[in-house]
Amino acid sequence: MAKPVSRFVCQSCGAVTPKWAGSCATCGEWNTIEEEPIPVRPGSAAKAQPGRRVAFVGLAGSAEPPPRAPTGIAELDRVLGGGLVAASVGLVGGDPGIGKSTLLLQAAAQLARAGRRVLYISGEESIEQVRLRARRLGVADAPIELAAAVNVRDIAASLEQAKDAALVVVDSIQTMWLDAIDSAPGTVAQVRACAFELIRLAKSGSFALVLVGHVTKDGAIAGPRVLEHMVDAVLYFEGDRGHQFRILRAVKNRFGATDEIGVFEMTDRGLAEVANPSALFLAERRGNVAGSAVFAGLEGTRPVLVEVQALLAPNAGGSPRRSVIGWDGGRLAMLLAVLETRAGVRLNMTDVYLNIAGGLRVNEPAADLAVAAAIASAAFEKPASAGMVYFGEVGLSGEVRQVAQAEARLKEAAKLGFLEASLPRRLAHGNRRLAAPDGLRLEEIGHIADLVARFAPESGKPA
Ligand code: TYD
Ligand code: MG
């Protein structure tokens, strides 16, 4: 039987199928499947070598923490778990133009200035372009070794001489190219093979390798998702192009906690660290407006206060609109149903718009209570108390449920000058005392109807 010479690979998730299809059966993306030649394994052609014995050891033994090189950018170090780990590989993903190259050039410059050897390989931009950015960032004097190259064979040969480096940045993996692979740069086959080769070098040397990977919605280039399992840490750089701030989020980290975030602000001189994100997100809040409530949230280990805004508009007819920015639409639908069924707030003839101010994406169920407060405040046109924060999860029967890290949230609220907090009622059998900061008044809410009653007019009947 003739062996097939090509195969079909989804450029988004990397799934391989023997036949072309319009949509990928694995990830469901459309128009991402492309034909690729089947790679020839070098091992199959060469004479098979007998394997060597692997030494097995016990679990106990010396386990030194891996040596780390702090980048000097505190927000980045926090996400990395304390700095770059030697002989490890990180992937920084994100939309084109979000600031990946800027962040890495700044980090590289800091390390280089601290006397560490740093190599920056740009496959996307020319030397001139990188120099221009460095000048703009004010780091042109940092002793970085810069190269513009895309051929992984050349890069590998150069990195053999640079194993003492602390950091090697490859920007981006989608521009890298290995001549042994017979497909275009940016395809899954190329991206995987190039990453494999570079990772092998990092593991045999002592430098931390950081790969940059673009994310695209249409799957025109292979997504960083195909690399996620090959690397030690995956960081995603997120943010809204319309807003100045950017969030660096760890989604995988073999040397630290995931869920940790770093907050940056894009300025005309590069990315600036935001040490106090709550102040940034609340900067433009106006008090005494109906339809606004402050959520005491948690991002990783860090409490972050954000403003939840709700706008209700009468629906002219047809099905009412529900529009959400920064929160989950399904969760909003659930909460509206709970408000209607358990607290009698009629919203079935009303368009509901919900927005997390500042452009942050909130994923926590703990935001339920703040969202409910914003909606109730809008429904009864009564502003929430200006010094109040909210947190708590709302269940289907309208009960307000406990959430993690209540103390950290309260502390952050007190730090920013808030005076009151609405939070879930403590369980009668809960024996742990809640250590609330001095001067913060706690308002325990057991049921969503109790929350609505605080906004409803005296009659108790919703408008
Ligand atoms: P960049 O780091 O090139 O993005 P990526 O590598 O993720 O594609 O960032 C590009 C954007 O950042 C660009 O739109 C301009 C903006 N920017 C600033 O606002 N200030 C700066 O100092 C720099 C260098 C870039
Ligand atoms: Mg770039």
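Is α9 largely enclosed by the rest of the structure or largely open, and why? Of its 12 residues, 11 are buried, so α9 is largely enclosed by the rest of the structure. Buried here means under 20% relative accessible area, exposed means over 50%, and partly exposed lies in between (1.4 Å probe, protein chains only). The buried residues of α9 are D368, L369, A370, V371, A372, A373, A374, I375, A376, S377 and A378. Helices (H or I, at least four residues) and strands (E, at least two) are DSSP runs, numbered from the N terminus.

This is a predicted model, in which local features need pLDDT of at least 70 and side-chain atom pairs count only at pLDDT 80 or more, while totals for chains, interfaces and linings use all residues. Residues are numbered from 1 along each chain as its sequence is written, chains are lettered from A and ligands numbered from 1 in the order in which they are written, and side-chain values use heavy atoms, with hydrogens and water left out.

Helix α9 covers residues 368-379, and at 1.5 Å a residue it should span 16 Å; the end C-alpha atoms are 16 Å apart, which agrees. The expected span is 1.5 Å times one less than the number of residues. Just after α9, E381 takes a positive phi of about 50°.

One partner of α9 is helix α8. Two packed helices are described by the angle between their axes and the distance between the axes. For α8 and α9 the angle is about 60° and the axes are 11 Å apart. Axes are lines fitted to C-alpha atoms, for helices over the stretch in contact, and angles run from 0 to 180 degrees between N-to-C directions. The two helices are therefore oblique to each other; angles under 35 degrees count as roughly parallel, over 145 as roughly antiparallel, 65 to 115 as roughly perpendicular and the rest as oblique. The crossing of α8 past α9 is right-handed, meaning that the near helix is turned clockwise from the far one by less than a right angle. On the α8 side, R331, L332, M334, L335, L336 and L339 meet D368, V371, A372 and I375 of α9, where contact means heavy atoms within 4.5 Å.

E393 lies in strand β20 (residues 393-394) and R331 in helix α8 (residues 329-343), so the pair ties together parts that are 62 residues apart in sequence. E393 is partly exposed, at 24% relative accessibility. A salt bridge is a side-chain nitrogen of Lys or Arg within 4 Å of a carboxyl oxygen of Asp or Glu; the structure holds 23 of them.

Another salt bridge stays inside one helix. E75 and R78 pair at 2.8 Å, N to O, and both lie in helix α2 (residues 74-80), 3 residues apart, about one turn of the helix. E75 is buried at 2% relative accessible area, whereas R78 is partly exposed at 31%.

The contact is made by V152, I155, A156, L159 and E160 of α5 and C194, E197, L198 and L201 of α6. E160 also forms a salt bridge with K163, with the closest N and O atoms 3.2 Å apart.

In helix α3 (residues 100-113) lies S101, which is buried at 11% relative accessible area. Leaving out residues up to four places away in sequence, S101 touches Y120, E125, R133 and D171. D171 is joined to S172 by a cis peptide bond, with omega about -5°. S172 sits in the loop between β9 (167-171) and α6.

As a whole, the protein has 11 helices and 23 strands. Of its 463 residues, 48% count as buried. Among contacts between residues at least 6 apart in sequence, 69% join residues at least 24 apart.
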